Amino acid sequence: MAARLICVSNRVSLPRKAAAPGGLAVGVLSALKRTGGVWFGWGGDLSEDDPSEPEIHIRDGVTYALLELRRDLFEPYYNGFSNESLWPLFHYMPTKFRFRHEEREAYEAVNRQFAQKLAPLIKPNDVIWVHDYHLIPLASRLRELGVRVPIGFFLHIPFPYIETLRVLPTYAELVRDLTAYDLVGFQADSDLRSFHSAVAHCVETARIEPDGLIRLGDRSFRSGVFSIGVDVEGIEGEAARAADTQIVRKMVDSLVGRKLVIGVDRLDYSKGLVERFSAYEQFLETFPDNRGHVTYLQIAPLSRKDVQSYAEIRRSLEQASGRTNGRFADADWTPIRYLNRNFPHESLMGFLRAAQVGLVTPLRDGMNLVAKEYLAAQDPADPGVLVLSQLAGAARELSAALQINPYDSRAVGHAIQTALTMSLSERRDRHSAMLEILRSNDIGVWANRFISTLRQTRESPSPVSRLPAVG
Ligand code: ADQ
């Protein structure tokens with residue numbers, strides 16, 4: 001019998017609910033739709049006491065196991081340790097980092113609860129695929145409960161080099177917990193190298209082979225790069241269909257022939273939106289002929305509203321868009337249209353297709369699916385141009401994009417101008433080169449590669465208690 005896949009992530013959304021924006025959900029769902037299996041995680045409800053058994057729903061061959069989380073643990077686990085310690089640190093932003101012991105303890109407690117509720121559902125033939133930084137200790141906790149099936153971990157965000165990771169007082173435990181997996185996967189080479197730097201630092205006796213195999217005394221595990229892709233064919237279809245929908249037509253009509261520059265990002269400081277707004281302002285200043293002829297549409301749904309730094313960035317963006325619009329707008333032209341709302345995926349792909357320039361300028365990003373979606377959504381006969389941050393994981397594969405340093409607002413402004421004036425033949429050449437890369441590593445290839453590598457690690461690893469001590 002083929003092994004059953006169990007995906008585990010912090011949050012699980014049933015497909016009938018409006019899809020929350022987020023790259024992780026896109027990736028997990030497309031893996032499970034291909035193979036069937038179970039998606040286990042928090043369903044969005046909080047309980048006063050220890051959570052009851054997960055609620056089970058079956059939809060289109062996928063079993064959704066929805067867990068409740070304890071109200072008193074959720075805030076310190078999710079907003080606290082996950083999003084105020086790990087997220088900024090892993091994105092190389094230590095000035096936004098904070099550490100509180102009670103938050104880290106809540107993170108550990110939630111991971112123990114995930115393990116306790118998941119363990120009884122596991123069958124001997126299963127493979128478990130854990131997603132992202134909220135659940136790093138999960139394999140250790142499952143092993144302690146006697147779970148012996150292969151467990152893999154994929155980090156959707158960057159992994160920082162050891163000298164940055166050491167800012168976290170409990171970094172050694174975190175690295176040790178990662179070594180309890182059978183396979184640890186990263187978005188980019190640089191993340192894998194950083195992970196190796198951390199293992200070498202924490203476990204003196206570790207031997208790291210060139211193929212990513214890591215030997216720790218009497219056990220070994222695999223590490224590797226698995227850059228996430230997008231559903232290229234699906235997006236091509238969605239984008240072409242969306243062009244004829246009312247919502248996209250209305251948006252295009254409202255441009256009255258002006259060129260469109262687009263950005264689509266969760267509202268997050270790592271996405272470089274403040275810097276992007278100021279680059280656009282500089283672009284209008286440096287290239288005044290564009291005033292009145294270009295509209296910049298920024299779609300940025302709110303995320304992690306309860307975290308202080310997210311409230312701050314929201315204020316900064318409102319100020320920055322207000323300033324640019326106040327300075328340059330005319331009675332019939334608004335330079336920046338800034339929206340904090342979600343759209344159905346198809347409409348979003350239609351908006352991307354309608355834009356002559358895609359602006360993807362994160363200060364740091366594990367991969368960035370929007371960059372790939374923008375390319376897949378283009379009309380190959382008349383494609384737009386991607387302006388892409390060198391600090392996004394996607395930059396390695398998308399070398400034919402106009403790559404910029406997102407902190408360099410002059411360079412970003414010049415790139416927008418270059419994109420708007422690029423010849424059709426150059427646009428086509430760049431687009432077709434990148435589309436070929438996207439097709440060869442689409443979301444299905446990503447999921448299959450990870451799952452088949454995980455299945456190959458089927459021998460039983462030794463208990464976590466026998467791992468070498470961390471220094
Ligand atoms: P995110 O940080 O969430 O993902 P990203 O990779 O860009 O960032 O994915 C966002 C997804 O949400 C895209 O599929 C996009 O289309 C969708 N989305 C954005 N705004 C939306 C809106 N207003 N309405 C509807 N959908 C919207 C994390 C990491 C990334 C990594 C992914 C996947 O931070 O680096 O690429 O996981 O591994």
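Strand β1 (residues 5–11) and β5 pair in the parallel sense over four bridges. Helices (H or I, at least four residues) and strands (E, at least two) are DSSP runs, numbered from the N terminus. Two strands pair if DSSP finds at least two bridges between them. The model is predicted: local features need pLDDT of at least 70, side-chain atom pairs count only at pLDDT 80 or more, and totals for chains, interfaces and linings use all residues. Residues are numbered from 1 along each chain as its sequence is written, and side-chain values use heavy atoms, with hydrogens and water left out.

Stay with β5. V8 has V130 as its bridge partner in β5. V130 also has a bridge partner in β6, namely F153. Four bridges join β5 to strand β6 (residues 151–154), and the two run parallel. Is β5 buried or exposed? Five of the five residues of strand β5 (residues 127–131) are buried, so the strand is largely enclosed by the rest of the structure. Buried means under 20% relative accessible area, exposed over 50%, and partly exposed in between (1.4 Å probe, protein chains only). In a regular strand the side chains alternate between the two faces of the sheet. Both faces of β5 are covered: V127, W129 and H131 are buried on one side, I128 and V130 on the other.

Now turn to another sheet. Six strands form an open sheet with parallel pairing, in the order β13-β12-β11-β14-β15-β16. Its edge strands are β13 (336–339) and β16, each pairing on one side only. Neighbouring strands of this sheet are turned by 20° against each other on average, direction ignored. Axes are lines fitted to C-alpha atoms, for helices over the stretch in contact, and angles run from 0 to 180 degrees between N-to-C directions. Two bridges join β11 to β14, which run parallel. I262 stands opposite G358 in β14. Helix α12 (residues 345–354) lies across β11 and β12, running at about 135° to β11.

Strand β12 holds T295. T295 is buried, with a relative accessible area of 1%. Contact means heavy atoms within 4.5 Å. Leaving aside neighbours within four places in sequence, T295 is in contact with residues including L260, V261, Y280 and W333.

Helix α14 comes next. Which elements do its buried residues pack against? They pack against β11 (259–264), α10 (273–286), β12 (294–299), β14 (357–360), β15 (385–389) and β16 (402–404). Among the buried residues of α14 are V412, I416 and L420.

The axes of helix α13 (residues 369–377) and helix α15 (residues 424–440) come within 10 Å and cross at roughly 115°. K372, L375 and A376 in α13 meet H431, M434, L435 and L438 in α15. By class, this contact has five nonpolar, one polar and one charged residues. Ala, Val, Leu, Ile, Met, Phe, Trp, Tyr, Cys and Pro count as nonpolar, Asp, Glu, Lys and Arg as charged, and the others, Gly among them, as polar.

One residue remains. A311 is found in helix α11 (residues 308–328). At 30% relative accessibility, A311 counts as partly exposed. A311 and N83 are 228 residues apart in sequence and 13 Å apart in space, C-alpha to C-alpha.
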